[in-house]
Amino acid sequence: MNSGIPIQYFLILATLMFFTGVYGFLTRRNLITILMSVELILNSVNINFLAFNRYLYPHKLEGMFFSLFIIAVAAAEAAVAIAIIINIYRRFATINVEEVNEMKY
Amino acid sequence: MSLGTFLIMRHELLLIAAALIVLIAEIFWNPDKKSSISLFSIILFGVITIIGFLPSPAGPLFGGMYVSSGTRLLMKNILNIGALIVFIQSVTWLKKEENSEKISEYFLLLISTLVGMNFMISAGHFLIFYIGIELAIIPIAALAAYDRYKNKSAEAGIKLILTSALSSGVMLYGLSMIYGTTGTMYFSEVASLFGNTSLQILGFIFFFAGMAFKISIVPFHLWTADVYEGSPVNITSYLSVISKGAAIFILMIILFKVFPIIMGTWQKTIFVTSVLTMTIGNLFAIRQQNLKRFLAFSSISQAGYILLGLIGGNQLGMASVMYYILVYIFSNLGAFGVVTAISNATGKENIDDYNGLYQTNPKLSLIMTLALFSLAGIPPVAGFFGKFFLFTAAAQQGFYLLVLIAVLNTIVSLFYYLLVVKAMFISKNENPIGSFRSDFSARFAFGICVAGIVVTGFASVIFEAIKNLSFGV
Amino acid sequence: MDILSLFVVIPVLTITAILLLKDTRQVRLVSAFGMGLQLLMAAVLVYLYLSARHAGNIDEMLFVKDYLWFKSLNIHYAVGVDGISVAMISLTSLVVFAGIFASWEVEILKKEFFISLILLATGVFGFFISIDLFTMFLFYELAVIPMYLLIGIWGSGPKEYSAMKLTLMLMGGSALLLVGLLGIYFNSSPDKNQLTFNILEISKVVIPLPAQRMFFPLTFMGFGVLGALFPFHTWSPDGHASAPTAVSMLHAGVLMKLGGYGAFRVAIFLMPEAAHELSWIFIILTSISVIYGAFGAIAQKDLKYINAYSSVSHCGLVLFAVLMMNQTAMTGAIIQMISHGLMTALFFGLIGMIYGRTHTRMISEMGGLMKVIPFLSVCYVIAGLASLGLPGLSGFVAEMTIFVGAFQHPELFYRIVTIIVVSSIVITAVYILRVIAILLLGPTTNEHFEHLPDAKWFEKISVITLIGSVAAIGLAPFWLSTMIGTSMHPIIERILALNPF
Amino acid sequence: MINFSYTIWIPLLPFLMFLLLGLAGHKLKPKLSGLLGTGGLGLITILSYITAYRYFFTSEKVNGAYQKIIASNFTWLQFTDKLHIDMGVLLDPISVMMLVVITTVSFMVHIYSLGYMKGEKGFERFFAFLSLFSFSMLGLVLATNIFQMYIFWELVGVSSFLLIGFYYQKPSAVRASKKAFIVTRFADLGFLIGILILSFNTKTFDFITLTDPMGTAIAQGGGIAFLGLSVMTWSMIFVFMGGVGKSAMFPFHIWLPDAMEGPTPVSALIHAATMVVAGVYLVARMFPIYALSAPVALNVVAYVGAFSSLFAAVIACTQTDIKRVLAYSTMSQIGYMMLALGVSGYGGHEGLGYMASMFHLFTHAMFKALLFLGAGAIIHAVHSNYMTEMGGLRKYLPITHITFLIACLTIAGIPPLSGFFSKDEILAAAFHSNKILFAVEYAVAGLTAFYMFRLYFSVFWGKDTHYSHEPHEAPATMTIPLIILAVGSVVTGFIPFNKLVTSDGKIFESELELMIAIPSVLIGLLGIGIAYVMYRKESAIPDKLAATFKYSYKWAYNKFYMDELYLFITKKIIFRYIAEPVAWFDRHVVDATMNAIATVTQGVSYRIRGFQSGQLQKYAVVFITGAIMLSILFIYLWK
């Protein structure tokens, strides 16, 4: 059932996605974009799980289920996050992360 | 598989029920006296807490995805007690005008986080663990932003939710590595299949980083201070004891159950991080003016001490950690209780504002002193015993150097705790905080805390009971 | 309820009684009563002890009571006394009693003051009666912490700074100590099955030498900080200078003795080989603090500083003698602790009383007080003579026992160091006489002092109690030294059995 | 064997008296307390006379030697099973002799003080201190072991301190008392060290064991050598250091002249007759060890004694304060005694010096006390210490005059007065052992005669000074002691010391050696003659002499600048260059280090606050880096 694409490709893709996400998280100024980069990270994890499951342990579906749940939880997380971001916009009239630093030191 | 076996997960079921009841009750509640919802839910929760102590069947469920055992039940009960105290403390605050609309949400969310923690503690599989931990953190983010009209509250919320999302991303990445190398997510199987390859170490470290974030271990702690300061005081106290406690419990279980093979590695990890945590936490705490922030850093350094109990991987260590969490709940909630009472009454949260507090509110200052001494580990209060056992556990495995560093750190922490004591007792103040009488709920909570602080230490039965339930690697 | 635990219970009861009181005048009466009772108890204890010994009871510890506390760690609440602890307990009760009367006229927060004072006393008593390292450590820290409030609230001068410094340094000592104790605990049984904190049981086994090498310095220094071991003594001058009268009395008189007692009862008794091996380092340190403290005292201008430095010197002598590790010197060390306790308490009490009248502690600003306040001045002279080791007062007995004992040491190095240390008696004489000459004798310099009132009745009680005991020890030392000496035998035997000199 | 156990009361009685007067004195009438003190002392005087009689004439001897009798003894403090301090009474010839001396002089002084101190503030305090002193002095001479001796040694030191500083409002008195205490204390340090070394080698404090000529202590003599001297020698030298201090020998003599700040009776009792000879007594007590086991130490004793006597005599010639003149003469006389011990041998006729020294101690106590009391009477009459302000007093103070003259003759060694005999014995002893020392002492004899009569003439004769108020003879309480002591100094010379007090307790024959006696008398007369010429009438000779020997005179007048030297050492060296630096070091180095720890901690905590920047993304950076760092650390570096 091997479909020609070696697993390394998936893993490399996942790794790239992960670090792209991290990079985005660290550099983007817009809260929404930061949230999106978090999604990237989570999805890279999903790819990992799926690839591992499909290639190495095809007779069990743990990876599949894990990624399903990750997607669901990520949605919930995003919902709360966005709610808070809206509130942020109400309070600070901006969603630039750098201006959200009333508390420091 | 009969329905009876579901009683194994009694804690979770009861909590879910309670959450739903509160939600529904709110709909039919008489809008004029909303505030009495809090009383209702506290009683409800109190009942649940008591039921939690009743003997209950233990064992695996869902093919081992969910495991219940004496230890885990004890952990859940400890958390329940803490949560109960927090609930009682928050009554005064919930009475306020701007909160009257969202009382039931408050309880709903907190109880659901508790459900998450219970699942997390009872996890026998990383999936349950993951769901639990997310369920435990996301509602808190919402609660941190509970004060809709405060900038700081919103900021705290966003910081918490985003960093926690990042941390769970990293943790999941680590988990995926573990999955890739072992092909399973069951604790027991992972434990048997785990090796010592670089990939697995990487997976472990990432996983550890995720957990460290929840426990706020240096260098994964930076969110702590801001979130603690921004959130409402009760949420802060909840975060500082309950979430932290739950995270430590599960970390301990996972380290002992899942990663005994790479014990050497995680001992080193804990060594490094705990030294960092104690030191950095103390160094930051020295300079703090805002008491919530101050307690945030103090709780960071406390986490550092608690790690000493983990490092040994022995039964004593486990017992002392659970015992210390219990003591820590009482002490920290006592301290936070005073902060809550005063910030409710006057809105003041700075150490300078506490100058000359003893003249006006002797009782509050005494409670504060007791709590701080317990945190600093001064006899004869419980904190002393807790710390002593933690250090003993570490020393048992020969980590004398670590113990020395830790006790030297306790001196630094004693320094800043004494700063508060000094403010209350010694420093002069022409217009100190006016004398006021906190309402019944607050005093009730204080009663519990003080009793806990005083009794838990001397009554050796408590420690012995915990000891008998705990296991080592 | 056994007699020893009463020594902890009575103060606790006194504290609760004070808590229940409303009127502040009653507070001091109650505390005086409680501590008077304590003093009585001490007398009873001495009597019981001596009669028990006389009845031929040759156990190492008497009145031993042992309650299991934390089963899993085998922590006990274990109490017991030998002649040494009995002596220390009587010293403590004397000083506390005197201290209560010396602080009869506290202005602010009377209640809190006496509570903290008695709490401190509780810790000290508990420390001296306990033979379980855990309880010992617990009481040790319990005794240290009230100092912060006592100095911080009721102190004078840079009190907050001094209080913080004192507390932190002493806690630093206890930090080292904690590690040491844990080390002892985990080596307390050859086959790791039944570890114990009980001193007597530990003394039956031999702690492996590498462990001793590691933990002896920690333990000794841990206690040494409280015993004002050079260079960890700097909390002492500031602390004493800022502390209120009674607190300096208790602190210098009793609390510093915890250091010497612990160093001897725990560090040396349990780890003799390491003690013998490393003693030379600490001998050098202690002899430095003896000489150095004395010289430091010469140059001071503040009465309390002078006394603080002289305390450094005298307590250094205690540790010095303990390290000589022979019967005579160690007996001398204990006597020195007691004698210095009484003496320095007397000193601080008098200084407090004089300060209360002249409102200055600078010797340069005072003079000719002998004419104005003869009673206090004469007592001050007596205290001075005691502290420069005049025969007939306790100081002489202690110092001579130490010197003779130390000079019996078989190694030349120790004897030479002894001679150096002996020379401290001259330096002591110099600074004591300097103070007496400037402060008390000569014409009355300041006309404001012409009409100062002499001692009040409660001050007299406090002073006379102490002088009485100083003179009693000085005139009839034999019973004390025999009582201590007999209890010293088993300890010395153990030490000698492990280090054949 | 006669029972001497009652002798314990001889020291005890004054002690009780001290307690009584000290605690209740201010409640009693001054006169009453004075009488109490005097009465108590009278009692023990009688007791000690009885003791002396019974000891010398009724107690049996063993093969012709007086026995050392332990009258009573109990263990006061146990160090080790061998080493323990006992408190007890040891009776042997010298201690019994000292008993007589001390009680007599002390009794005289008590009576005298009743008159002299009348109306002084703190009268009862004075008598309390006197009793304390008598107690300690008696305890000292009766000591059964060296440590008991040391204890009472310290006690006499402190009672002398208290008595010198009796006028505690007078700064000079305070200074003098302080000086006396510290100087002697320093000397006592040597004594203590000596005791320590001795006890380490011999494992005993007990005199009888120590000084037993056949005993182990002397026999083994601590053969271990250090700088070429045996341990025993070292310990003896250290012990002697204590004696030097107490007996105001060079170089520890500087406290004695200042001690004259005390009331004159005190000077008579403590600083002339009793305490200052304690050093001599100490050496005599340890004499067998010195003689048999540490001859080098004995030589040291001899030379120190000789030098001090000369040194003091020279200074005495230039002083104008009569009490200081007497003080220096005391010093020089004690130098005699030391020398006598130093040149003596042990046993039989060898022990001539020993006997002579004790003899001189005895006679000297009498006439020197007399001199001081006389001086007291003079000062009492004239209210000045300076002989320049005196003259022609003989017609005002007849009794004082006569007694004073007798005393002067005695000290000048004119036969048949007691001083003649004792001094002659000393010279003889010196002559037989060491010619140089003999020559020195011979010269000193002349000097003594000169300065004493210089004093005598310029006070009682000389220019007829006009006093603001008529000087009057002292009251009977003061004159009677003078007369008694005068008689004493006349007759005591005939006591056959060679039959009573000898080095080994046995009798030996010693006859007057004319070829030493005659020249010594002659030189005495010569001194008197010169003094007569210079001071009988007002004359310019002294000033001329002083002018001619300007520098040497100036040096002698300023006591060879010893005080300045000491001042330099104490003030400059010890205080400025040791104590203050130590204090500074403690504040600014040791303490500063401790504070530095705190400051550094706070500084660091300020530095690192940048981490808590409040920037979400900075937190994330730290988070990620932390995770990666840990992974690298544990995967590659620290497996």
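Modeller: What follows is a tour of two packing spots in one chain, then a quick glance at its neighbours.

This is a predicted model, so local features need pLDDT of at least 70 and side-chain atom pairs pLDDT 80 or more, while totals for chains, interfaces and linings use all residues. Residues count from 1 along each chain as its sequence is written, and chains are lettered from A and ligands numbered from 1 in the order in which they are written.

Start with helix 6 of chain C, residues 146-154 (helices are DSSP runs of H or I, at least four residues, strands of E, at least two, numbered from the N terminus). Nine of its nine residues are buried, so helix 6 of chain C is largely enclosed by the rest of the structure (buried: 20 or more other C-beta atoms, placed from the backbone, within 10 Å of its own; exposed: 12 or fewer; partly exposed: in between).

Now follow helix 11 of chain C, residues 245-270, over to helix 3 of chain C, residues 83-102. Their axes (fitted to C-alpha atoms over the stretch in contact, with angles from 0 to 180 degrees between N-to-C directions) lie 8 Å apart, at an angle of about 165°. That makes the pair roughly antiparallel (over 145 degrees; under 35 is roughly parallel, 65 to 115 roughly perpendicular, the rest oblique). On the helix 3 side, look for residues including C:M88, C:L91, C:V95 and C:G99. Facing them on helix 11 are, among others, C:T245, C:M249, C:G253 and C:Y261. Sorted by class, this contact has 11 nonpolar residues, four polar and one charged.

Zoom out to the other chains. Chain A makes no contact with chain C; their closest C-alpha atoms are 25 Å apart. Chain A itself has three helices and zero strands, and its C-alpha atoms fill a box of roughly 55 × 25 × 25 Å along the principal axes. Of the 105 residues in chain A, 35% count as buried.

Methods:
Two residues are in contact if their C-beta atoms, placed from the backbone, lie within 7 Å. Ala, Val, Leu, Ile, Met, Phe, Trp, Tyr, Cys and Pro count as nonpolar, Asp, Glu, Lys and Arg as charged, and the others, Gly among them, as polar.
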